[in-house]
Amino acid sequence: MKGRHSYFMVRVSDEPKGGLLSTMDVLVALDAESVFTHFQDVKRGGYVIVDTSTFNTRLDQLQYMEDELKERLREFFSKAGIEPTVKGVIDYLRNNGVNVLTMHYADLLQEVKKRLHDIDLPSLIGRYSNVVMTAYSTAIMGLPIDYVFKGLEDVFTGRRGGKLLEYNKAIVEVVYDYAKPIKTNISLPPIKREVRAIIVNGNEAVAIGKILGGLRFQTYYPITPAADESFFIEAHNIVSLDPPVTEEAKALEKAGIVVVQTEDEISAINMAIGAGIAGARAATATSGPGLSLMVEGTGFAGMNEVPVVITHYQRAGPSTGMATRNSQSDLRFVMHMGHGEFPRIVISSGDHREAIEDAFKALNWAERYQMPVFHLVDKTLANSYSTVIWDIDKKALRIDRGGLVVTKDENDYRRFRITKDGGVSPRSIPGLGPIFWLTGDEHDEFGHITEDPVTRTEMYEKRMKKLELADREIPITDKVRLYGPESADITLVGWGSTKGVLLDVMNMLNREGYRVNFLQLKMFIPFPSDFVKNALSKGQLIIDVESNYDAQAASVIREKTGIEIKHKVIKVTGRPIFVDEVYDAVKKILKDKDERIILMKGP
């Protein structure tokens, strides 16, 4: 299945960077559409790498480009006097200080064919264009060819290796020979690191956190961008269901994980809840439309105090929306989904390191406080990669299963016992502990259905007061973090994938002499009201940055603290928020006092 135009942006630095820039130093165009779509974003003095065989391609020949973009380009070309062909665009770039590096795929691949006689050249041309361009890019940047070989070896392992690896290496060698005479001002010297690091995306980070956290049962229905998490868990730690039950039990004892692809998201949440009731550390992963189907099941978990983790990957809605685009518009939905009221924890990760840690902690919180835990990861974070320093001490990761009753002999066991201190009732695991009852209806301490007004009030308060306990016990650093000077003239506020962007902007402004800090919201239920109120009550200029229309986190702040953030920077295009556009927005607010700026950068 092939969608519309796709592209991948990479930011390389010898020091940590948190966000992407909308402009680029190098545009690597695998096809004509890439040239038309991105040429306006290349910096003066930057480079465009293009295949000369695309030069005669006209704008109107691009069948899959959005009509709206075509019309905007036609208008631009008409005003600038540009011929609407790839060559016309290339000439325009050259005249405006952009360096153009050309190659001809067919010539390069003919040379490859000389080295490898068993290749069907016509199929090779289209299939290996990404390898050609990758090798060309790394060659002109001065990266050793061994780096590319190592990357190919990591991809083409086992059955995927063999001839494919041989073909790819031959292509890389030819391209490196071709690129030797080319001189650029781009240099990427090797960086020596004394610490171990991994490169992961958000889906993989969450999966790693769950595996470290003792996950035993994961359900999912395939949906973008959530499904990759479950695929990763399947590939790295799964128990086969084929052997007899006794063998399966032995396998489970060895810390295996059962991953189940269900028929729909209703089954996914209900099966995960069933596993949680049965004593397994259980979770599910989904995105907006799937979460909408999980509403009733989540309410059942809330009523019956079932530990379950729901990892929610936010994408652009409503309805199917833009399934492969970013958003942070589900915050209020997650905070209030379900009829009636029941306690839940809502945590949001700001980077890949946090995604690992939060996934681990979410499993602990679900069992300790016996309630659903929602882990929010927006699409930008899910599908982007970053380097994470792997200094996590696995021995320090402590699994907390909360209060358990594992003896069948307990007298007068009450699954929903009301404690004087508002604590959590010890839960029983079927087959190991005493018998208990569950129902979707209101119930008494034993789990039997009741509509008695006194019991109803007692049970309602029992469930809701667990949030007070969680609020007291969960460290403040898991709820909110303040970066930069404690006292500042400007405070940037954000959550989720805006973290890295706002840290970069904060550092840029501080280097210019401004006093700027950044308040990162991590936990929305229970909300760190006192900390946030203290951080935002010092008379500074406060600017909220979010990928949704209503500035939902700002509205939560107002609800919980009474502080209204007047200056809001929002983006709803589905594209990532870029460092340079937020920087420009802050400068505009300082100059013109704008209260609402809508960001638009990104093709």
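Student: Where does Lys 593 lie?

Tutor: Lys 593 is in the loop between helix H22 (579–592) and strand E21 (596–598). Helices (H or I, at least four residues) and strands (E, at least two) are DSSP runs, numbered from the N terminus. The model is predicted: local features need pLDDT of at least 70, side-chain atom pairs count only at pLDDT 80 or more, and totals for chains, interfaces and linings use all residues. Residues are numbered from 1 along each chain as its sequence is written, and side-chain values use heavy atoms, with hydrogens and water left out.

Student: Is Lys 593 buried or exposed, and what makes it so?

Tutor: Buried means under 20% relative accessible area, exposed over 50%, and partly exposed in between (1.4 Å probe, protein chains only). Lys 593 has a relative accessible area of 57%, so Lys 593 is exposed.

Student: Is Glu 305 buried or exposed, and how do you know?

Tutor: The relative accessible area of Glu 305 is 1%, so Glu 305 is buried. Glu 305 is found in the loop between helix H14 (295–304) and strand E8 (308–316).

Student: What is phi of Glu 305, and what is phi of Lys 593?

Tutor: Phi is near 55° for Glu 305, a positive value in a residue other than glycine. For Lys 593, also not a glycine, phi is positive too, near 65°. Most residues other than glycine have a negative phi, and most peptide bonds are trans.

Student: Which peptide bond ends at Pro 225, and is that bond cis or trans?

Tutor: The bond from Thr 224 to Pro 225 is cis, with omega near -5°. Pro 225 lies in the loop between strand E5 (217–220) and helix H10 (227–236). The peptide bond from Ile 525 to Pro 526 is cis as well, with omega near -10°. Pro 526 sits in the loop between strand E18 (523–525) and helix H20 (529–535).

Student: What makes the direction of H12 relative to H14 what it is called?

Tutor: Helix H12 (residues 265–277) and H14 pack at an angle of about 20°, with their axes 9 Å apart. That makes H12 roughly parallel to H14. Angles under 35 degrees count as roughly parallel, over 145 as roughly antiparallel, 65 to 115 as roughly perpendicular and the rest as oblique. Axes are lines fitted to C-alpha atoms, for helices over the stretch in contact, and angles run from 0 to 180 degrees between N-to-C directions.

Student: Is Val 10 buried or exposed, and why?

Tutor: Val 10 counts as exposed because its relative accessibility is 62%. Val 10 is in the segment before strand E1 (24–28).
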